[in-house]
Amino acid sequence: MAADAFLTWLRREGRIVIVGASLAGLRAAETLRDEGFEGSLTMIGDEPYEPYDRPPLSKSVLLGKASPAHTELPRRRPVDAKWRLGVAATGLDMAAKRVLLADGDEVEYDRLLIATGVRARPWPRQAEAELDGVFVLRTRDDAAGLQRRLMASPRRVFVIGAGFTGSEIASACRARDLPVTVAERADAPLVGALGGVVGAVAAELHRENGVDLRTGVMVTGLEGDSVGRVRAAHLSDGSTVETDVVVVSLGATRNTEWLAGSGLGAGPRGIACDAGCRAFDFRGIVTDDVFVAGDVARSPHPLFGYQFLSLEHWGNAVTQAEVAAHNMISSSTDRRPHMWVPAFWSSQFGVNIKSVGVPSMGEEILITQGSLAERRFTGAYGYQGRVIGAVTFDNSRWLQFYQGLIETAAPFPPAFLTVDRRPEGRQPVPADFPDPSLPTHGPTVTLSGYSPADRRLVFKPAHP
Amino acid sequence: MRLVVDLNKCQGYAQCAFLAPDVFAMHGEEALTYNPRVDEEQRENVARAVAACPVQAILADALDAPGEMAAAPGEEESHGR
Ligand SMILES: Cc1cc2nc3c(=O)[nH]c(=O)nc-3n(C[C@H](O)[C@H](O)[C@H](O)COP(=O)(O)OP(=O)(O)OC[C@H]3O[C@@H](n4cnc5c(N)ncnc54)[C@H](O)[C@@H]3O)c2cc1C
Ligand code: SF4
């Protein structure tokens, strides 16, 4: 079949399968229909629920302002799909163009979109992770369980890891007047994502709001009582914290295990794809019928030195899904690149935190507006003489402007003066990111380009 | 009725909290919290908030969409094309 005849056929009667029925999966399905795809669409999701939104789970839900069972995503339009919910995809046969399901079924496709996202990294010691009262927070079920415990007025909540999710959980506990202890291996919260200068502000926020924040410590073990309920956490500084709820907030693991042996370029860092969302096979050759979007994808970005970026960002999942869906049913010259500028928000302790670009690439930071002490500021991050990222605390209206600087590779430090520039914002200072070779709890942007030191990748050809 | 706010876009103008105070609330100076599931009686207020948001950050169910619910596991076959 000639290429355009194939496309016409694909758009009219082709079979598209989407694995991962969450934010990216749903938005891709809607885009496919919007763009006139009339063939069959199958949505496969291992959770038994229709697509729901996760950011409220650590915010409105824990604050008691929304129910975990009621965060389903609104629909932009009907998608007329066949929904296979509550069943995981367990394998992929790229040669036969088939997805294998946990219930033994197989689903054939002409185009496949993988949007399986990430899952919470569990507490590494399984027996301790299984103690009653130990939680992670990624899914609606996690949130429902945790919310129930918080409502039962626990004596103390213990959060392991002070990344965005861990900090939001601590914030919600304080808003409910629950005693909370946060343990973080780094010297401050949020350092993996925003560096030590901003991390110090986050640490003040925690402490002023009554969080018992312990930094520079590791949790060495969780202890249960005689009936298997968690009762204490032990720390590397020799201290012990009595607690009845533990939330493990140690970042995420990419859901790629089901692709082992498929021949796709999938591994612990995600699934590599080109800027048009087409997946690479393990040989580094781009596929033409397998696409990737959302948290599970990693793709090269021209603004950031063509580094492969893995983004655990809501907005990325939406835009990448739209680009992937468009490209799945378009001819090569009509395809679009996914060139989204990373953007992320969080709210904790009543402060609105937003970032654009890739702050974690920054070597230096300049407080261009406001002041750290007032916790209302804009910080610009510099990398090799250009602006590479920005963060705002309660100053989000300026973010768009800084995004423009990042997009145009404006010089760093910025030559101009800004309104509200303070004495502390006259000189850039080191942004103070931890050594990137040491793992931290989810920085939310991971630079995962090839590193010559990385010898962990093991290729498993599908057809040896 | 289901809704979601794109908080990347949201500039905290609080227009929505003014028009539909039972659904949207400010948490601190700038951060918005909202209830993603809204009672039908709030529909009009939400519609007003959607229209008034200066950056079009609020997405509510398209009026014709909610009919198509995802199938519960086991009954998916009946929802095929
Ligand atoms: C508590 C919390 C707070 C957050 N807050 C923010 C925030 O403030 N700002 C922000 O920008 N982002 C935030 N995020 C991140 C945001 O929610 C994600 O970026 C987004 O959900 C990614 O969507 P996705 O569709 O790529 O992946 P996911 O939402 O992870 O969905 C993947 C789906 O695929 C399913 N799946 C996995 N494996 C299989 C399989 N083998 N077969 C079938 N199905 C499978 C999963 O169960 C899941 O339902 C937050 C996330 C969480 C958990
Ligand atoms: S009206 Fe729009 S911009 Fe203003 S707070 Fe509401 S969602 Fe945000």
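I started with an open sheet in chain A: 6 strands in the order S3-S2-S1-S7-S21-S20, with mixed pairing. The model is a predicted one, and I read the entries below with that in mind.

Which strands stand at the edges? I found S3 (82-85) and S20 (278-280) of chain A there. Each has a single partner strand, so one side of each is left without a neighbour in the sheet.

S1 (residues 15-19) and S7 (residues 111-114) of chain A pair in the parallel sense, over 4 bridges. I checked one bridge by residue: Val17(A) has Leu112(A) in S7(A) as its partner.

Then I asked what lies across S1, S7 and S21 of chain A. The answer is helix H7 (residues 314-328) of chain A. H7 runs at about 140 degrees to S21(A), which spans 286-292.

I moved on to ligand 2. There are 13 residues around ligand 2. Those that come nearest are Cys10(B), Tyr13(B), Ala14(B), Cys16(B) and Cys53(B). I sorted the shell by type: 10 nonpolar, 3 polar and no charged residues.

Are Cys16(B) and Cys53(B) buried or exposed? Cys16(B) has a relative accessible area of 9%, and Cys53(B) comes to 11%. The cut-off for buried is under 20%, so Cys16(B) counts as buried, and so does Cys53(B).

Notes:
Residues numbered from 1 in each chain as written. Chains lettered and ligands numbered in written order. Predicted model: local features only at pLDDT ≥ 70, side-chain atom pairs only at ≥ 80, totals over all residues. Heavy atoms only, no water. Buried < 20%, exposed > 50% of the residue type's maximum accessible area, 1.4 Å probe, protein only. Near = heavy atom within 4 Å. Nonpolar A, V, L, I, M, F, W, Y, C, P; charged D, E, K, R; others polar. Pairing = 2+ DSSP bridges. Helix = DSSP H or I, 4+ residues; strand = E, 2+ residues; numbered from the N terminus. Contact = heavy atoms within 4.5 Å. Axes fitted to C-alpha atoms, helices over the stretch in contact; angles between N-to-C directions.
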